[in-house]
Amino acid sequence: MGQIPRRQLFSFAKKRDLGRFSPVFPGKVSPERVIPSHINAPLYYKTPQMPSSTLGEVEIKSEEVIARMRDSCKLAANILKDCGEIVQVGRTTDDIDEFVHEAVVRANAYPSPLRYGGFPKSVCTSVNNVACHGIPDDRALEDGDIINVDITVYHQGHHGDCSKTFLVGNVDELGQELVKVAEECLRKGIEACGPNKRFSGIGRAIESHAREHKFTVIPAFIGHGIGSYFHGPPEVLHFKNSEGGFMKPGMVFTVEPVISMGGPEVEILEDNWTAVSVDGARSAQFEHTIVITDSGYEILTLPD
């Protein structure tokens, strides 16, 4: 199923003392969930498209567009908050997909991941050694797991994107520390934002905090511009870099560092989406969508 043998993952975990957890392997994926005909879906729902580029000029959004994005981001944040009800020992990641899908559709919105670049489900669920873009399946959550739930909704013609790593049952101290520091890294990155500040300051703040706590930033996954498109400019790097570019009022983008207990390398499995750590280490991720304002920034994906 995956490209990394189970024995290899266990041997890495033992060698590097990565804590107590069960490595995750892809399971059985259920059929795609139905989108009612009245839902306003993005173009890629009916016409297959590759993910759009994050290179190019950064869009400055109008107050009208930002107001619509506040609504889509708030919806995503509230559904993510409600996922705490379903992220429990014994529930499957497919249960989470069903919960999110139904909540999004009930709000007359579209679950953005579905069919985006061929992604088969309505939410990303990344457990333990899965760094990002995990596909919900029939694996039941176990006591001690950590799971990132990444929700994006398309509402009023605009996407809102956020994620959170949840603790499942009794997580060991190393796992708890990883999740805590990952959330702090997100906060540090956002605090580096503001008008006329360099985008490179976001990565510098994140990596400095991760290293201080002996964790690693996984550089393969970046923040991105968002709006009527799911992904667009700018590219937001989460590690120390010297890339140019300044933030301006009206820019909307995500900050979403993936922080690892082990090394920075990942491998994409045969499903073309699931990214797992090469050394079998766990990682944690948190994400917000923000807008740059005249005086600083506003986090759009805060729940009620």
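User: Exposed means over 50% relative accessible area, buried under 20%, and partly exposed in between. Is K214 buried or exposed?

Analyst: This is a predicted model. In it, K214 has a relative accessible area of 73%, so it counts as exposed.

User: Where does K214 sit?

Analyst: K214 is in the loop between α5 and β6. Its phi is positive, about 65°, although K214 is not a glycine. Most residues other than glycine have a negative phi.

User: What about the phi of Q156?

Analyst: Q156 is not a glycine either, and its phi is positive at about 55°. The residue lies in the loop between β4 and β5. With 39% relative accessibility, Q156 is partly exposed.

User: Switching topic. Which residues does UniProt give for the "binding site"?

Analyst: The UniProt record, an unreviewed entry, puts that feature at D150, D161 and E287.

User: How far apart are their C-alpha atoms?

Analyst: No two of the C-alpha atoms are more than 8.1 Å apart, although the residues span 138 residues in sequence, so they gather at one spot. D150, D161 and E287 are also part of the lining of the largest pocket.

User: Start with D150. Which strand is it in?

Analyst: D150 lies in β4, which covers residues 146–155.

User: And is D150 buried or exposed?

Analyst: Buried means under 20% relative accessible area. D150 has 9% relative accessibility, so it counts as buried.

User: What is D150 in contact with?

Analyst: Neighbours within four places in sequence aside, D150 contacts V123, C124, D161, C162, S163 and E287.

User: Where is D161, and is it buried or exposed?

Analyst: D161 is in strand β5, residues 158–167. At 3% relative accessibility, D161 is buried.

User: Which domain does UniProt list, and at which residues?

Analyst: The unreviewed UniProt entry gives "domain: Peptidase M24" at residues 68–294. The end C-alpha atoms of that span lie 19 Å apart. Its content is 27% helix and 26% strand.

User: On to the core. How many residues are in the largest nonpolar core?

Analyst: That core has 31 residues, and I202, F253 and I259 make the most contacts inside it. At least two of its residues come from each of α4, α5 (200–212), β9 (252–255) and β14 (288–292).

User: Which of these gives the most to this core?

Analyst: Helix α4 gives the most, with seven residues.

User: What does I202 touch?

Analyst: Not counting residues up to four places away in sequence, I202 touches G189, A192, C193, V236, L237, M247, F253 and V255. Another nonpolar core, of 27 residues, lies apart from the largest one. Among its residues are C83, A109, V127 and I147.

User: What does α4 lie across?

Analyst: Helix α4, residues 173–191, lies across β10 and β13. Its direction is at about 40° to β13.

User: In what order do the strands of that open sheet come?

Analyst: The order is β6-β10-β13, three strands in an open sheet with antiparallel pairing. Strands β6 (216–217) and β13 (283–285) are the edges, each pairing on one side only.

User: How many bridges join β6 to β10?

Analyst: Two bridges join β6 to β10, and the strands run antiparallel. V217 has I259 in β10 as its bridge partner. I259 is also one of the residues with the most contacts inside the largest nonpolar core.

User: Now β7 and β8. What joins them?

Analyst: A hairpin connects β7 to β8 through six residues. The two strands run antiparallel and share three bridges, and G225 stands opposite G232 in β8.

User: How many residues of β8 are buried?

Analyst: Four of the five residues of β8 (232–236) are buried, and the strand is mostly covered.

User: What kind of peptide bond joins P233 and P234?

Analyst: It is a cis peptide bond, with omega about 10°. P234 is in strand β8. Most peptide bonds are trans.

Note on methods:
Residues are numbered from 1 along each chain as its sequence is written. This is a predicted model: local features need pLDDT of at least 70, side-chain atom pairs count only at pLDDT 80 or more; totals for chains, interfaces and linings use all residues. Side-chain values use heavy atoms; hydrogens and water are left out. Two strands pair if DSSP finds at least two bridges between them. Contact means heavy atoms within 4.5 Å. Axes are lines fitted to C-alpha atoms, for helices over the stretch in contact, and angles run from 0 to 180 degrees between N-to-C directions. A nonpolar core is a set of buried Ala, Val, Leu, Ile, Met, Phe, Trp, Tyr and Cys residues joined through side-chain atoms within 4.5 Å. Buried means under 20% relative accessible area, exposed over 50%, partly exposed in between (1.4 Å probe, protein chains only). UniProt positions are given in the numbering used here, feature names are shortened, and annotations may be inferred rather than shown by experiment. On a 1 Å grid over the protein atoms alone, a cavity is a set of points where a 1.4 Å probe fits but cannot get out, and a pocket is an open set with protein on both sides within 12 Å along at least five of seven lines; lining residues have an atom within 4 Å of a point.
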